[in-house]
Amino acid sequence: MAAKFDNAIVRWIDHRLPIFSFMHHELHEYPTPKNLSYWWNFGSLAGIALVIMIVTGITLAMHYTPHVDYAFDSVERIMRDVNYGWLIRYLHTNGGSFFFIVVYIHIFRGMYYGSYKAPRELLWMLGVVILLLMMATAFMGYVLPWGQMSFWGATVITNLFSAIPVVGQSIVTWLWGGFSVDNATLNRFYSLHYLLPFVIVGVVILHMVALHRFGSNNPLGVDVKSAKDQIPFHPYYTIKDAFGLGVFLIFFSAFVFFAPNYLGHPDNYIQANPLVTPAHIVPEWYFLPFYAVLRAVPDKLGGVLLMFGSIAVLFILPWLDRSPVRSGQFRPIFKIFFWIIVLDSVLLTYLGGKPAEGGYVIAARFATAYYFMHFLIILPALSIFETPKPLPKSISEPVIGGGGGFAGATAAPKENVR
Amino acid sequence: MIARLKTLAAAAVLAAALGIGGGAGNAVAATGSAEIPSRDWSFDGVFGAFDRAALQRGFQVYQEVCASCHALSYVAYRHLDALGYNEAEIKAIAAAAEVEDGPNDEGEMFMRPGKPSDRFVSPFPNEQAARAANGGAYPPDLALIVKARANGANYAHALLVGYVDAPADVKIPDGMYYNASFPGHQIAMPQPLNADGVEYGDGTPASIAQQAEDVVTFLAWASEPEMEERKTAGVMVILFLLVFTGLLYASKRKIWADVH
Ligand code: HEM
């Protein structure tokens, strides 16, 4: 379905390589529900954050030296002697944090509005894959400046694999490329830190292909019934996303320019020293909830399994929540539990930053238990016992249909056929 | 309206999560140390800038007192132009240092006077030599010290003025000193500052607190030499973004006016 273009060169190319038709179709006329709220801005923001990370990252890589003797110095050189090096580095460092903020909001948005339900299960699972890749990338990136937290964070986290029975220690040695975190480790982490963002780009493309198959979910969670429910992506959502980007950049700049180290740890401005262990080894804030789960379990292997389990449950979420109603707006009980799991995640984040002792550990155990209970017991139970509110007939007629019929949510969704 | 409020509440929760997460690391780092009083610094806040006179006095304190033990290795003499010194002054400061260079055509290392492009010469050739001269303790490089400690400027100040008599029940071993602000209270650094230990060119009375304030201002600059440029740029960027985002919002309203 070739679109019409005024420019003759564009027409010539498009006839042979329909790239302009493709872009017109997917970014311009792409039909989108007209009722998306600002919570839907976070998807495009995540994409922009990824671009910011890649652009600043490649620029940093031009000046960075991946060697245990020079890495820390080369980062300080970037900060002091490279023109606007401090800006590039602070954009990258804080960009990592903001990427996670945006993606976490994006995930909770999906959880509230049931965006993981049929027919978007694979779309959701690809999102979880992106989260895992981001975590791997950020973890290895944090090792690169070779500060105390870089070194000890890498030591603690890679050591987790030693919990695997029989082959654990061999795997750790293999990961390190030696018998401790050292130059070989730094080099492979740098190599992978450069590679993985491009793997993320690949998965993001798959994520977009899956998204454009059925289009966006929406705050009502009912399927698009007719063209009346939709508006073209451009100009409506391009301008809305641009406005959202402006707001994002204001918050982001406030950190980059006025509190660039607020989210970091002072110990990472001390060069790595294998002979001195920091008083408390804490990962970056975005890993804290998982770190809390890890330390909540007295057994090392159990802790590791539970930590990976906390992401694995997200993977199978589409099959844990069987309620045919997508949007939390029409699920009075689910809605309450949704906010509880948000608070539980915040609590885990807080506990992950506290020393693993006394009341903190006990609280972390309860919060961890609740986290799994939410996904493995509460959600499946709600699918059976909760009576949803009646759903609107369609997006353009938010009139309540009689008798609580699940108009739409159960009916086969309309494909974005082309 | 209700939906708006809910959105706000949700945003607040997320902001809180962020605050907790970010603050957590710092809170953890501070455990085990004494209460550190907060002071007003010339470089605090959005419009904060280093007090130039304090920077120069602080540099004098560093040179005359701290430099015999502590390196400042990421700072070059040419960077001192930020303190308000002119080229001739910087050349003179650099030339006072002895820098090892080489090898020359005969393959020998040789000493020469420092140049503005040289980095500050360290008092010891390596960590072992520094430890040997300090009873086994290592005086850390001060170029990043304000960023490398939680609440860095306040902490460094409290440390420098924190030499008080040890409580009667505390035994301090030989070669160690009691400090109210150092974590664990036993520090291997003897009290570095003494009243009138330096003589300021501008006539400022050199009390211990004054010298501490000045040298910490200097060290804060050494840790973040880009700070003033960063904040000035930040004000411009945020002002621009506010206007630009306002325009985007107006455009959004206009474009969406026909969607019902
Ligand atoms: C998914 C996107 C990315 C994430 C989440 C990410 C995350 C991080 C993090 C957390 C750090 C440590 C920053 C610090 O504490 O100073 C870092 C450092 C670094 N990253 Fe990335 N990064 C990403 C993409 C890239 C790309 C595409 C490159 C290009 C090669 C790159 C190159 C670097 C370099 C050279 C450093 C060391 C310099 C420094 O620490 O400031 N990054 N990254």
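## The shell around the ligand

Helix α3(A) supplies the largest share of the shell around the ligand, seven residues; helices here are DSSP runs of H or I with at least four residues, numbered from the N terminus. This is a predicted model, in which local features need pLDDT of at least 70, side-chain atom pairs count only at pLDDT 80 or more, and totals for chains, interfaces and linings use all residues. Side-chain values use heavy atoms, without hydrogens and water.

The shell has 24 residues, and A:Gly57, A:Arg89, A:His92, A:His193 and A:Tyr194 come nearest to the ligand; a residue belongs to it if one of its heavy atoms lies within 4 Å. By class, 17 residues of the shell are nonpolar, six are polar and one is charged.

## Polar atoms facing the ligand

A nitrogen atom of the ligand lies 2.8 Å from a polar side-chain atom of A:His92. For A:His193, an N or O atom of the side chain is 2.8 Å from a nitrogen atom of the ligand. A:Thr93 places a polar side-chain atom 3.3 Å from an oxygen atom of the ligand.

## The interface of chains A and B

In this interface, 58 residues of chain A are in contact (heavy atoms within 4.5 Å) with 56 residues of chain B. The two chains bury about 4700 Å² between them, 72% of it on carbon and sulfur atoms; buried area is the accessible area (1.4 Å probe) lost on putting two parts together, summed over both.

Two salt bridges (a side-chain nitrogen of Lys or Arg within 4 Å of a carboxyl oxygen of Asp or Glu) cross the interface. B:Arg78 forms a salt bridge with A:Asp81, with the closest N and O atoms 3.3 Å apart.

Notes: Residues are numbered from 1 along each chain as its sequence is written. Chains are lettered from A and ligands numbered from 1 in the order in which they are written. A polar contact is a pair of N or O atoms within 3.5 Å; within protein, one must be able to donate a hydrogen and the other to accept it, and residues adjacent in sequence count only if both atoms are side-chain atoms. Helices (H or I, at least four residues) and strands (E, at least two) are DSSP runs, numbered from the N terminus. Ala, Val, Leu, Ile, Met, Phe, Trp, Tyr, Cys and Pro count as nonpolar, Asp, Glu, Lys and Arg as charged, and the others, Gly among them, as polar.
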